[in-house]
Amino acid sequence: MNYPQALEYIKSAARFGIKPGLERIKELCRRLGNPQSGLKVFHIAGTNGKGSVSSYLTHILATAGYKTGWFTSPYLEHFSERIRVFSGPKDLSAYDDANRAGEIGEEDFARIMTGIEIEVSRMLADGFDNPTEFELITAAAFLWFYEQNCDFVVLETGLGGRLDSTNIVEHPEAVIICSLSYEHVELLGPTIARIAAEKAGIMKTQVPVYAYDPAA
């Protein structure tokens with residue numbers, strides 16, 4: 001498929017809606033070789049501040065000379081901005097001058113999505129449910145960051161945390177929980193405590209956690 005076809009393929013998955021759960025993304029990534037397992041990830045969740053924190057951290061890592069993958073959600077102007085790689089300070093300077101710097105190329109994205117579509121077809125034939133739109137994008141990002149041999153990946157959750165497709169990363173370098181507020185209460189719960197519990201679902205044993213202090 002070409003780039004417009006790849007975007008249309010992802011868009012077509014929107015009809016499956018938002019379906020929290022890790023079964024589909026785990027199966028898809030297993031068939032793709034589990035690219036997420038080869039990544040060193042900083043995993044970020046929260047209601048407010050995810051974008052700012054992920055930007056700060058990406059800038060810090062790239063400025064330090066690390067090849068840094070950056071996955072954000074949602075995009076603001078064009079789709080490919082949500083999957084970027086910065087190979088150190090030079091790429092970061094280009095991003096500061098032109099905000100499309102570092103984005104995954106159209107040909108590469110189309111190639112990756114072609115492979116994903118093949119595996120999804122096999123999943124369906126084996127009786128699995130179709131991955132959601134966000135799950136397809138997450139899988140594409142994992143593959144691209146792995147192909148690019150990133151030193152680190154800054155990874156934002158999409159919705160919640162515990163059942164978010166990014167949460168198949170088993171051993172992140174650190175977890176960051178940003179400010180919490182009421183959001184998607186029909187999925188995450190009607191109270192801040194319930195929402196906090198869902199966000200905290202990205203925490204892992206023996207992994208450092210950095211959390212926003214509302215009293216600070």
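I began with the charged side chains and found Glu27, Arg30, Arg31 and Asp126 linked in a network of salt bridges. I took a salt bridge to be a side-chain nitrogen of Lys or Arg within 4 Å of a carboxyl oxygen of Asp or Glu. The model is predicted, so I noted that local features need pLDDT of at least 70 and side-chain atom pairs count only at pLDDT 80 or more, while totals for chains, interfaces and linings use all residues. Residues are numbered from 1 along each chain as its sequence is written, and side-chain values use heavy atoms, with hydrogens and water left out.

**Salt bridges**

By this rule I have 10 salt bridges. I looked up Arg84 and found a salt bridge with Glu103, with the closest N and O atoms 3.6 Å apart. This pair links distant parts of the chain, 19 residues apart: Arg84 lies in strand S3, and Glu103 in the loop between helix H4 (89-97) and H5. Helices (H or I, at least four residues) and strands (E, at least two) are DSSP runs, numbered from the N terminus. Both Arg84 and Glu103 are buried; I use buried for under 20% relative accessible area, exposed for over 50% and partly exposed for in between (1.4 Å probe, protein chains only).

Glu103 also meets Arg100 in a salt bridge (3.1 Å, N to O). Arg100 counts as partly exposed because its relative accessibility is 45%, whereas Glu103 has 14% and is therefore buried.

In helix H5 I noted that Asp108 and Arg111, being three residues apart, are separated by about one helical turn. Their salt bridge has its closest N and O atoms 3.1 Å apart.

**Helix H6**

I checked the span of H6 (residues 133-147): at 1.5 Å a residue its 15 residues should span 21 Å, and the end C-alpha atoms are 21 Å apart, which agrees. The expected span is 1.5 Å times one less than the number of residues. Of these 15 residues, 12 are buried, including Phe134, Trp144 and Phe145. Just after H6, Asn149 takes a positive phi of about 55°.

**Sheet**

I traced six strands in an open sheet of mixed pairing, in the order S3-S2-S4-S1-S5-S6. S3 and strand S6 (209-211) stand at the edges with a single partner strand each, so one side of each has no neighbour in the sheet. Two strands pair if DSSP finds at least two bridges between them. Strand S5 (residues 174-177) runs parallel to S6, joined by three bridges, and Ile177 has Ala211 as its bridge partner in S6.
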